[in-house]
Amino acid sequence: MAFDKSEPSEQMNVIKRRAKLFLRQLARKIDHQDVVDHVREEGQMSGRYVFMAVMSCAIATLGLLLSSPAVIIGAMLISPLMGPIMLMGFSLSILDLPAMRRAMFSMACGVVASITISFLIVKLSPLTEITPEIIARTRPNFFDLLVAIFSGLAGGYAVIQRKGETIVGVAIATALMPPLAVTGYGLAIGSMPVAGGSFFLFMTNLLAIALSVTVLSRLYSFGAGHGKRSTLWQGALVISVFAALSVPLGLALRDIAYETTAINTRRAQIAVSTPQSSPIRACRMPKPALSPISPDAWVVRSRSISARC
């Protein structure tokens, strides 16, 4: 019995036709013009937008300095950054260049205002020590990219369906506002690695969220009238950006995993080498210095600790 090479191709054609039919049925339920008008209205520049961006970043900065996740999450509830970033994604989908320029202008104003207020707060604050919440936003990795992609897909779906936009906006703001606050913190203390790492995280999240919205909106037939040529270059743009971001972020995730494994291995070696018959006795340790202590200083032999006691 001869193998029919046409069967796999026919099955693929059937799958493609069913997928197109499914997407068309989804698109029929959406009022495209109403969604676009809503996104344009929410993404425009206004005094309220700048004020809420400043207040959100101010609260986020204080939460970072206090290392309080609850305060940081509270700042996300009033962040207005979802509007411009949604407009960026939809304008790329429907090829509306004037709307894209307005979205980029609104986002740039929000970024400058946020970094400025964060810079001023840190400069005036008596507490400027780096905290775990700040450190967590200075080394972006591949997981951060995935968080941004999922946030963008959720945000695009909420905007298209016109349900749950406020809740999803919190997730999007979580990926954008804290990195901006850390950027202002890094500039205030004169640490370019901190400022640069956090701003790279912000740009990664910004691009990933906007392009995820573009992909989802195209699946719902936004901009379908522009033809296959526009679809091809939009797809090439999305793939190129994601590929360019994935390489350094993937390497950063690998380095973090290697460091974590090395630390855990070293701890296990120290635990095994310490005799159980001579445990470290409790003793009063000297008060820590005001300057931050290097992580290497915590690796101390048990004999040295016992000698101080």
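This is a predicted model: local features need pLDDT of at least 70, side-chain atom pairs count only at pLDDT 80 or more; totals for chains, interfaces and linings use all residues.
1. Let me start with Asp 34 and Arg 162, which form a salt bridge whose closest N and O atoms are 2.8 Å apart. This pair links distant parts of the chain: Asp 34 belongs to helix α2 (residues 32-42), while Arg 162 sits in the loop between α8 (142-161) and α9, and 128 residues separate the two. Asp 34 has a relative accessibility of 37%, so it counts as partly exposed. Arg 162, at 35%, is therefore partly exposed too.

2. You will find Ser 221 in the loop between α10 and α11. With a relative accessibility of 29%, Ser 221 counts as partly exposed.

3. **A buried pair.** Arg 137 and Glu 133 also form a salt bridge, with 3.0 Å between the closest N and O atoms. Are these two residues buried or exposed? Both Arg 137 and Glu 133 are buried.

4. The side chains of Glu 259 and Arg 139 meet in a salt bridge at 3.1 Å, N to O. Glu 259 is in helix α11 (residues 228-273) and Arg 139 is in the loop between α7 (132-135) and α8, so this pair ties together parts that lie 120 residues apart in sequence. Glu 259 is partly exposed, with a relative accessible area of 37%, and Arg 139 is partly exposed at 39%.

5. **Helix α3 against helix α9.** Turning to the packing, helix α3 (residues 47-66) and helix α9 (residues 165-189) pack at an angle of about 70°, and their axes are 9 Å apart. The two helices are therefore roughly perpendicular to each other. On the α3 side the contact is made by Ala 53, Ser 56, Cys 57, Ala 60, Thr 61, Leu 64 and Leu 65, and on the α9 side by Met 177, Pro 178, Ala 181, Val 182 and Tyr 185. Of the residues in this contact, 10 are nonpolar, two are polar and none is charged.

6. In soluble globular proteins, nonpolar side chains tend to be buried together. Here, the largest nonpolar core has 65 residues, and Ile 85, Met 86 and Phe 222 have the most contacts inside it. Which helix gives the most to this core? That is α9, with 12 residues. Setting aside residues up to four places away in sequence, Ile 85 touches Met 107, Ile 172, Leu 176, Leu 206, Ile 209 and Ala 210.

7. **Asn 205.** Finally, a residue in helix α10 (residues 192-219) that is worth a look is Asn 205. Its relative accessibility is 3%, which means that Asn 205 counts as buried. Apart from neighbours within four places in sequence, Asn 205 is in contact with Asp 144, Ala 148, Ala 175, Leu 176 and Pro 179.

How values were computed: Residues are numbered from 1 along each chain as its sequence is written. Side-chain values use heavy atoms; hydrogens and water are left out. Axes are lines fitted to C-alpha atoms, for helices over the stretch in contact, and angles run from 0 to 180 degrees between N-to-C directions. Helices (H or I, at least four residues) and strands (E, at least two) are DSSP runs, numbered from the N terminus. Angles under 35 degrees count as roughly parallel, over 145 as roughly antiparallel, 65 to 115 as roughly perpendicular and the rest as oblique. Contact means heavy atoms within 4.5 Å. Ala, Val, Leu, Ile, Met, Phe, Trp, Tyr, Cys and Pro count as nonpolar, Asp, Glu, Lys and Arg as charged, and the others, Gly among them, as polar. A nonpolar core is a set of buried Ala, Val, Leu, Ile, Met, Phe, Trp, Tyr and Cys residues joined through side-chain atoms within 4.5 Å. Buried means under 20% relative accessible area, exposed over 50%, partly exposed in between (1.4 Å probe, protein chains only). A salt bridge is a side-chain nitrogen of Lys or Arg within 4 Å of a carboxyl oxygen of Asp or Glu.
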